[in-house]
Amino acid sequence: MPALQVYSTLSRKKEPFPKKPGEQVTMYVCGPTVYKPSHVGHMVGPVVFDAVKRYLVYLGYSVKWLVNITDVDDKLIHRANEAKTTVKELAERMTADYFDCLKKLNVTGIDAFPKATEHIGDMITTIDGLIKKGFAYPAEGDVYFNVSKDDDYGKLCGFDPEALEAGSRIEVSGRKKNPGDFALWKKAKPGEPAWDSPWGQGRPGWHIECTSMAQRHLGDTIDIHGGGLDLRFPHHENELAQSESASGKPFARVWMHNGLLKMGSGKMAGSVGNVLNVADALKHVSGEALRFFILNTHYRSPIDLGEWDPRDPKSPTLPPGLENAKKAHEAFVRLSERFDRVTGKKFHEVAVPGRAEDGRKFLLPEFGEKYTRFREFMDDDFNTGGAVGVLFELITSLNRLADGAKLEDPAKADANGKAAFEEGTTLAKELGQILGLFFELPKADALGDDDKIVGGLMQLVIELRNNLRAEAKKITTKDDPAKKMLFGQTDIIRTRLTELGITLEDRPAGTTWRVG
RNA sequence: GGCCUCGUCGCCAAGUGGUAAGGCAACGGUUUGCAAAACCGUCAUUCCCCGGUUCGAAUCCGGGCGAGGCCUCCA
């Protein structure tokens, strides 16, 4: 197996991953400012890095992953004023929404969500240290970072500080010594949330929370720092500058930036008005299918939802990209259902290996080939798009196997074929889990008794319909009117159910039904 | 204006020097009482265009055209 390679924004090339399996990896990914409900774009980073963590754990690393919650800033303050509520209440409500979205997309790997407001003391300590070292200066209640004191400022983005100033449209505050200087601490305006500090009442600047929280929870040097490509500048550049100035050590061994979500030709943004909230998308597509959509593309590329305008009433319910992903994802779910029918076991209860193993032996060589190629894709800078392709190839060969060995028909099923199918499907589950795909549709929430009634009714309908089918099949004369009439009735049942959104599937071992 | 990406089948997408994965859609077939699902087959001699390097390029270099991102809050 080739060693894991990761692309770092800092060096602009793929590098060998700096740690060995068995060691601990620390990961910090910039999280949301919780002032609005999460849109689909907010989920890209969490899903991508959740897959990164799952794969690292699979390779034998122990991973500690933090995502910060920015619960105080200008946008929150404005929004809370608009909504006639407090910053605290708004932040708590939107944080809950964010957590709910993560859960629906199977993002379970985040170990902690430090909040900015809970680390004000740490930030003051960091800022104070920067002032004492001469990297920052107070000015009329504000504190600024002095970019001219930082020799390698601009190294993350490859920006020349001089050029930056020339092209800058930033309105230069009179308090700044250099146009590129940025606020570490902002003096409070009346009515704003504020904390006491050596420089008077105020609140932290945008970038400082990440420095203080990362250093407090993960140490001065973290292994992976992640975030959206749009955060590269100024946020990560500034975060990097202040962190390394404060500690005197490298801040992150690898910088990973995920591509942004596009809607057809342009980016998805609140200012364009073409945002798709996660909650709205989930009305029409499962969280797992949405996750699949994100992981189907390499994380550094932009992800395209396709041409779609939520403001146009003639638009379909989902953007083309999600519609496509939804259909494609069904192949995974059907495989798990087929596994249940064919083996009599529950796919979702089958145990799978949780650790990588070189030189694995399988009943069929092609399983080994899929396993190897899946890992090669993941080793190559977490190429989930390629890995998903391998998963589809595996599914096709498993279905071919099940068809060939007649596994759906208990009377004709081939035992060797069944054993191979079981092993291969278990492998598919193992690989799917690495991506956080469990091959399932969301369970209906709190249907309870209604669920049982629907299930019972469907059994009844299927039984009655199969009685009619059996009678019809007894009549061997081809054009017998009675036969036609009986099949006509069975087809009416199926057609009407289809119109209700229920699909019947007649199989050798019996009839199954599903919604959709 | 400066910095940086990207342009692969109708759509999405992997592939970054060795002769084009995969998904969706479409068409033909097998299976089925008919369907659904599944399977088989067809579907890019070609990777925006023009040059160059090389035995060999979608992959490297130069130029052109087109799209996007960042430089201001943004995952």
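Colleague: Why is Leu457 called partly exposed?

Modeller: Its relative accessible area is 48%. Buried means under 20%, exposed means over 50%, and partly exposed is in between, with a 1.4 Å probe and protein chains only. So Leu457 falls in the partly exposed class. Keep in mind that this is a predicted model, where local features need pLDDT of at least 70 and side-chain atom pairs count only at pLDDT 80 or more, while totals for chains, interfaces and linings use all residues. Residues are numbered from 1 along each chain as written, chains are lettered from A and ligands numbered from 1 in the order written, and side-chain values use heavy atoms, leaving out hydrogens and water.

Colleague: Where does Leu457 lie?

Modeller: In helix H14, residues 449–474. Helices (H or I, at least four residues) and strands (E, at least two) are DSSP runs, numbered from the N terminus.

Colleague: What makes the nonpolar surface patch with Leu457?

Modeller: Ile453, Leu457, Leu460 and Leu464 make it, at about 390 Å². Patch residues have over 30% relative accessible area and no salt bridge, with nonpolar side chains (Val, Leu, Ile, Met, Phe, Trp, Tyr) joined within 5 Å and like charges within 9 Å. A salt bridge is a side-chain nitrogen of Lys or Arg within 4 Å of a carboxyl oxygen of Asp or Glu. The areas come from the Shrake-Rupley method with a 1.4 Å probe, and for residues only the protein chains shown count as cover.

Colleague: Why is Asn106 called buried?

Modeller: Its relative accessibility is 14%, and the cut-off is under 20%, so the word buried applies. Asn106 sits in the loop between helix H3 (87–104) and helix H4 (120–132). Its phi is near 60°, a positive value in a residue other than glycine.

Colleague: And Glu140, buried or exposed?

Modeller: Exposed, because its 60% relative accessibility is over the 50% limit. Glu140 is in the loop between strand S5 (136–139) and strand S6 (142–145), and its phi, near 50°, is positive too. Most residues other than glycine have a negative phi.

Colleague: How do you know that strand S3 and strand S9 pair?

Modeller: Two strands pair if DSSP finds at least two bridges between them. Three bridges join S3 (residues 24–29) to S9 (residues 222–228), so they meet that rule. Met27 stands opposite Ile224 in S9.

Colleague: In what order do the four strands of the open sheet come?

Modeller: S4-S3-S9-S10, with parallel pairing. The edge strands are S4 (62–67) and S10 (252–258), since each pairs on one side only.
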